[in-house]
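Work through the exercises below with the model open. Each task is followed by a stepwise solution.

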Amino acid sequence: MSKVLHSVDEAIRLLEIKDGMTVSFHHHLRNGDYVLNTVMAAIANAGIKNIKVNASSLFDVHEPLLDHIRNGVVTDIETAYMGAKIGSAISHGILQNPVTFRTHGSRGAVIANGTSPVDVAFIAAPTSDEMGNCTGKTGKSACGSLGYAFADAQYAKHVVIITDNLIKEPLENPSITGERVDYVVEMESIGNPAGIVSGTTRITRDPVGLVMASYAARIIEASGLLKDGMSFQTGAGGASLAAAKYLKDIMLEKKIKGSFGLGGITGYLVDMQKEGCFEELRDVQCFDLNAVESIRTNPNHKEISAIEYASPFNAEAAVNKLDVVILGATEVDTDFNVNVHTDSNGSIMGGSGGHSDTAAGAKLAMIIAPLLRARLSIVSDKVSCISTPGNTVDVLVTQQGIAVNPKREDLKQRLLDARLPVVDIHELKDRAQKIAGVPAPLVTGDRTVANVVYRDGTIIDTIKNLVT
Amino acid sequence: MKLVKSAVAGTLESNDVFVEIEPAENIDIEIESIVFAQFGDDIRTSVEDVLNEMGVKGAKVALNDHGALDCVIRARLETAVLRASEV
Amino acid sequence: MRRSMLFMPGNNAGMLLNADFLCADSIILDLEDAVSTAEKDAARILVRNAVRTLEYSRSEVIVRINPLDSPFFESDINEIVQVAPSMLMLPKVSCAEDVIIYDEYVSKAEKKCGMEKGSVKFIPLIETALGVENAYKICSAHERVTAVLLGAEDLSADLGCKRTKGGAEIAYSRGRIVCAAKAAKVACYDTPFTDVNDDEGLKVDAQVAKSLGFTGKAAISPRHVAAINEVFSPTMQEIEYAAEVLRTIKKAKEEGLGVVSLRGKMIDAPIVARAQQVIEAAKELGVDIDE
């Protein structure tokens, strides 16, 4: 009997998806993804209600989800990241049950250990054979790593592969093997290439971003961690990438060979690896075409799962071997707690992703952000939402100075010795408020619209509804 | 200072404010801002301050603010008032 | 110390907000070329408010006002002097009389807001052929003049020649201005390098300027600041040698020796003077010195 089906509707019927079940999706097709919307439309058409959607991330492209919420098709959401469009609707209370936010690492872990079971995983795959052996490395919708889908493929009760490149011959070196796959559905197109990966990710030309990036590289140099075997992760933000460029210059000049570059991988990390800054790349997600090309052709560019990347229950997780991570923030408080979930008006526009996983694991967790965005200070007395707890954050880099967590007196001394502009975090807050004024406190309702679950399973914070 | 014509000052760029002003019987202030929730009241106070300091008794003022600091808001409004009072 | 002097457009609110954090020793808030005629009024009010409230402390504040032949310079002086920038940059200065005229207006403005006369210093911008020929007179025209800047873009237009990266067309002017400034005991700074994407060319150009006697260089892009700072900072080798010179001199004095030598070379007054300059610069940069 063939696993190949002609439509998602058929898969829904054959798997007897019914009210109250949980379906899951990965986000490697990012803002180009067609699969989640197609599957949810089919579920709605079938008249099924009370579905829980467990997606590794939700982007603006998934806005049709809001109609499914209004119509009672979707009544629960679990995710690690949520774009501003869906986030705003959630913040305004569209969903009765609070959203469960997890981290990338713990999402994989709780799917695996049964805390958050998945009935059917719908896995978008840029190439699959008829058995469901599949990969993200080839095909017209190639996205590179499928790292966030591995737990779904391995632990969901049922697995459906959805592809727009179905091949006849058995796929060699699949990322996900077909033995647990129930069905393979062929679709005209699983995603819009323009939204899947960016052509190239560029470093910032913003002078303030470059100043911060240069501080970040000098902090790494001064930290004592810059030596052979160093491991490194950075985000795809302009200033973070610029920091990677400055770091690369230092590593090449000092002939330092690191062990691995980790996480979401960009062309910049690919170049660093090629030029000898790292032995290998461990890739849970590709951000641009260079990264996709590299993971396809470079044996030292390795695909890893969310569990290998960052599971809190896996002592061998890569984040636990991470020396340095550079992260962003929308808000940091004087206890170094970081908010990456909500914007300045309290509206959801993000999520932890791997933020708190890497901060917890890395020896040096660095937040890089300008002190003022428009008129708003990055530093406040208390963040409106704790995404990453302050005791896992070591240093905040702004253009106006570098604040070191008091628990890292050793690091502070090293930065002072390197003549970096170290300031107390309270002083940064005072400076910002002196220039910009003291913002009126955020007014929220008292209904919880999302629970932020930390990687250890505890609810670290709740997000309240917005009344305006 | 008496306004004799309408005038504008500032830009719609980030960290700046675009001010439109015209002569009117009374003071009428309209504020649109990306940081209205946090600084709406402060912005209104600054506008009233500047108009008062410059002796403007009648003006219709509209601000489109993209996160300008207080000193920028005051500068742009002062410029607009001076431009509107030039004969 | 002014190794790097960064031009910032005076009517750009966003850039003024961060002007202080780009690691430039001085920032030149520009009311002249970077501001269109229609926005001159807006820029001078914006710069006045920014200097008054943003408390720039990491970079020295210089404001470039409009030239004497424009209808703007008097208003510029009246608005800007009251917020006490450390210097006014005077554009298109061609003779000592220009400086004297600016001084009259600035003195009036200082008096009006109760400031001590002479507290605002001048940095004339020499950017005409006549200005180059009058360089010494300009440098010594008034005690407010504490530095001069060479402006090669307007100058090469005045000279009727093309501006090149090699800078042969301004070689004479550079030499002349350095000599005039040293004779008048004021500081002199080199013209900006205008190719924002040629990092190597910038370094070479800055090194040429340093070798001629300039102690710093203006910049039109924040991206140039780091390289300029590096070129115009003393090297560790220079600092160590200078410290050794001073230690040797000190020891000789204690021992009552008249003539001293170091590494087989007699240490004379110019060597000591140069060593003192290097050590002062090093101290400003926060280098630990073994005295």
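**Exercise 1.** In this predicted model, find the strand order of the open three-stranded sheet in chain A and say which strands stand at the edges.

*Solution.* 
- Step 1. The order is 18-17-22 in chain A, and the pairing is mixed.
- Step 2. Strand 18 (338-339) and strand 22 (379-380) of chain A each have a single partner strand, so one side of each lacks a neighbour in the sheet; these two stand at the edges.
- Step 3. Take strand 17 (residues 331-333) of chain A with strand 22 of chain A: they pair in the parallel sense, over two bridges.
- Step 4. Check a residue pair: Val332(A) lies opposite Val379(A) of strand 22 of chain A.

**Exercise 2.** Describe how domain 1 of chain A meets domain 2 of chain A.

*Solution.* 
- Step 1. The domain assignment gives domain 1 as 4-196 and domain 2 as 207-441 in chain A.
- Step 2. Locate the centres. Over C-alpha atoms, those of domain 1 and domain 2 of chain A are 29 Å apart.
- Step 3. Count contacts, with C-beta atoms within 7 Å. In chain A, 31 residues of domain 1 touch 32 residues of domain 2.
- Step 4. Assign elements. On the domain 1 side, helix 4 (84-91), helix 5 (104-112) and helix 6 (150-155) of chain A give two or more residues. Helix 5 of chain A gives the most, seven residues.
- Step 5. Sort by class. The domain 1 side of chain A holds 13 nonpolar, 16 polar and two charged residues.

Definitions and conventions
Residues are numbered from 1 along each chain as its sequence is written. Chains are lettered from A and ligands numbered from 1 in the order in which they are written. This is a predicted model: local features need pLDDT of at least 70, side-chain atom pairs count only at pLDDT 80 or more; totals for chains, interfaces and linings use all residues. Two strands pair if DSSP finds at least two bridges between them. Helices (H or I, at least four residues) and strands (E, at least two) are DSSP runs, numbered from the N terminus. Domain bounds come from an automatic or database domain assignment. Two residues are in contact if their C-beta atoms, placed from the backbone, lie within 7 Å. Ala, Val, Leu, Ile, Met, Phe, Trp, Tyr, Cys and Pro count as nonpolar, Asp, Glu, Lys and Arg as charged, and the others, Gly among them, as polar.
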